[in-house]
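I opened this notebook to record what I looked up in one structure. The entries follow the order in which I worked.

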Amino acid sequence: MSETPAGVIHDLGYRRYDGPRLGRAQIVRALTWHSFRSSFGIGRGVKAKIVPVLACVAMCLPAFVNAFGVARGSPRLFGYDVYVPQLRVVVLTIFVAAQAPELVSRDLRSHVLPLYFSRPMRRGDYPLAKYVALTAACLLLIEVPLLILYVGTIASAKNGHGVWAETRALIPGLGVGLMWAVLMAAVGLVLASLTGRRAYATGIVAISCFLTWTVSELLIQAEGGITSASAGARIGGLFSPFNILDGVRIWLGGTSPGEDANPGHFGPLYGVVAVLLLAACLGGLAARYRKLSMS
Amino acid sequence: MVDTMPPSQYWPGGTTPPDLSAALPGGTTPPDPPAALPGGTTPPDPPAQAVIQTRALTKVYPGNVTALDGLTVGVAPGVTGLIGANGAGKSTLIKILLGLLPPTKGQATVLGRDCQTSGETIRTLLGYMPEHDCLPPDVTATEFVTHLGRMSGLPPTVAKERAAESLRHVGLHEERYRLIGTYSTGMKQRVKLAQALAGDPRLLLLDEPTNGLDPAGRTAMLELIGRIGAEFGISIMVASHLLGEIERICDHLVAIDAGRLLRADSITSFTAVSEVLAVEVEEGLAQLQQELKARGLTATVAQRALLVPLGGDDTYDVVRDAVADLALPLCRLEQRRHQVEELFRGDEGAAHV
Ligand SMILES: Nc1ncnc2c1ncn2[C@@H]1O[C@H](COP(=O)(O)OP(=O)(O)OP(=O)(O)O)[C@@H](O)[C@H]1O
Ligand SMILES: [Mg+2]
């Protein structure tokens, strides 16, 4: 801007900026991208990368192994819509419990929010950016193994018909993954935003997910398991977000038999509860940040 | 980023002042801040070009806490001190100006825009430094200020450049790659200032910038703020509860107490009033007060002394004569400054400027 010779060490004075400025939408996009990167520890220290990397490895490993197996003639073991159910529950719980606090609790802890709120964004933009970022991160974590499995399987498909069959199986699987990401990111963020203490936030998210899952499983077992026709066993899944998701999957025509929940004719109820839970989490998140912006 | 205006005598370092209006979104012209520059004559009173204007602004928090009570005040371009004791409503006013808190009643405008309806636009023009800690310990100052520059709407490379420059302006050039957690309190305050400066604001709202600093740190911080106001051409409102501290760098002062305006005036008239003559006598204080009143001087009692506003040169003589005529034992006669408290309490009459 000024034609000062290089190397002169003195204060050049203040420079105004009269170039282009990003609008609100672009600012929110920048925050989303920043948050998405940090949900994988990118741009943060080595320690911040441990959980995301382990989670990715754990999720992808079965897909890799199975994809290799398929290449040698064995069948595809995992359905795209369930993948490895227990593993998915555990890994996703750990990932969300570790990374939702990374996205929100850190900023709460250091009281940096007033600096965001004093910038052009609106109240809801900050939680929106965080939510989109974590949803995208979860989506990546869930869908990448499915894609690995898919690519590995079609690579050894004998004809176009086989490829088409695989693709038809994959698409609902991707849809289920989207449902998981959308709901689990909301649950994780609203719980993590309750406290600025990261350890507590992680604890709250992890315990809530595992505890509700355990309670739900126990209820179903007590009522005779998923094969039981009793109403208790059918609605027992409603007590855990993971089982709600699985119930919705089965209701929507999921191919594989349910591992955890079996909604039977309570399917629509699972759908309604899933939507209500999502709405409650997002509403809670918005309300939380609305309050924070006014304090 | 090419400037077309001729160099101005006020612009330091020979760089040219850019066209201010071009930087604003929507192409509207902001009120010029020329009076912010040193050497310019101080405008008489906050006129149409006020950077901040409030009308009967009232804020009642839940629980019936009245933080602002019908505050009407205009703030001219330049450096303005917002003085008030703890709980006077300074931070509340600043948050309303940022468009973050809705006022219960009344109206506030910043740079000609309504705070409630145009908060977003206003915030692109403002830089804000909160009173409390607001820095994450585990990032470097450069990363942090760059990120917040992005959040102010700067493109990526510009945000980087301006972060480096802002940190240089506040004197953290050498240390900018260190983690903020390793900074001293004084350095942290500077980072807070740098992030406010990064987005090239028209107006800075600084909430107690000397919070937690030692005397040397306070002086340095105030000099920095004074320089930003005088040389960078940015209007500043700086909140503080210490009048004596910020009066050095201010062109104007706004004093509030319990959410009400006490005085709003240029610094010269403020300090003129604050010059007083303190008279201490061993006895007959009330008697002397009567006598001075008879001679046309209104003296107020402060502990064991009488405070007489210092008018012209003859104030000394009148007081000396009065003491002599009453034959009172004079202990002390000295010129001193009003304490902030006295300014707040004693001059109710002068409050509505
Ligand atoms: N969120 C809130 N809810 C209820 N009352 C509040 C809230 N924030 C501030 N107050 C009250 O409003 C009044 C003004 O507070 P404010 O923070 O604006 O004062 P201040 O001048 O900034 O004080 P300080 O010098 O201590 O920072 C105080 O009585 C305070 O207790
Ligand atoms: Mg305050």
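**Entry 1: the interface**

I began with the area buried between chain B and chain A, which is about 4300 Å², with carbon and sulfur atoms giving 53% of it. Buried area is the accessible area (1.4 Å probe) that two parts lose on being put together, summed over both. I noted that this is a predicted model, in which local features need pLDDT of at least 70, side-chain atom pairs count only at pLDDT 80 or more, and totals for chains, interfaces and linings use all residues. Residues are numbered from 1 along each chain as its sequence is written, chains are lettered from A and ligands numbered from 1 in the order in which they are written, and side-chain values use heavy atoms, with hydrogens and water left out.

I then looked up the residues in contact (heavy atoms within 4.5 Å). Chain B gives 55 residues and chain A gives 37 residues.

Next I looked up the salt bridges, each a side-chain nitrogen of Lys or Arg within 4 Å of a carboxyl oxygen of Asp or Glu. Between chain B and chain A there are five salt bridges. One joins Arg122(A) to Glu120(B), with the closest N and O atoms 2.5 Å apart.

Buried means under 20% relative accessible area, exposed over 50%, and partly exposed in between (1.4 Å probe, protein chains only).

**Entry 2: salt bridges within the chains**

I recorded 24 salt bridges over all chains. Arg198(A) pairs with Glu102(A), the closest N and O atoms being 2.8 Å apart. Arg198(A) is partly exposed, at 32% relative accessibility, whereas Glu102(A) is buried, at 5%. These two residues also belong to a network of salt bridges that includes Arg44(A), Arg106(A) and Asp138(B).

Arg202(B) forms a salt bridge with Asp200(B) at 3.9 Å between the closest N and O atoms, and both residues are buried. Arg320(B) and Asp321(B) meet at 3.5 Å, N to O. Arg320(B) is partly exposed at 48% relative accessibility, and Asp321(B) is partly exposed at 33%.
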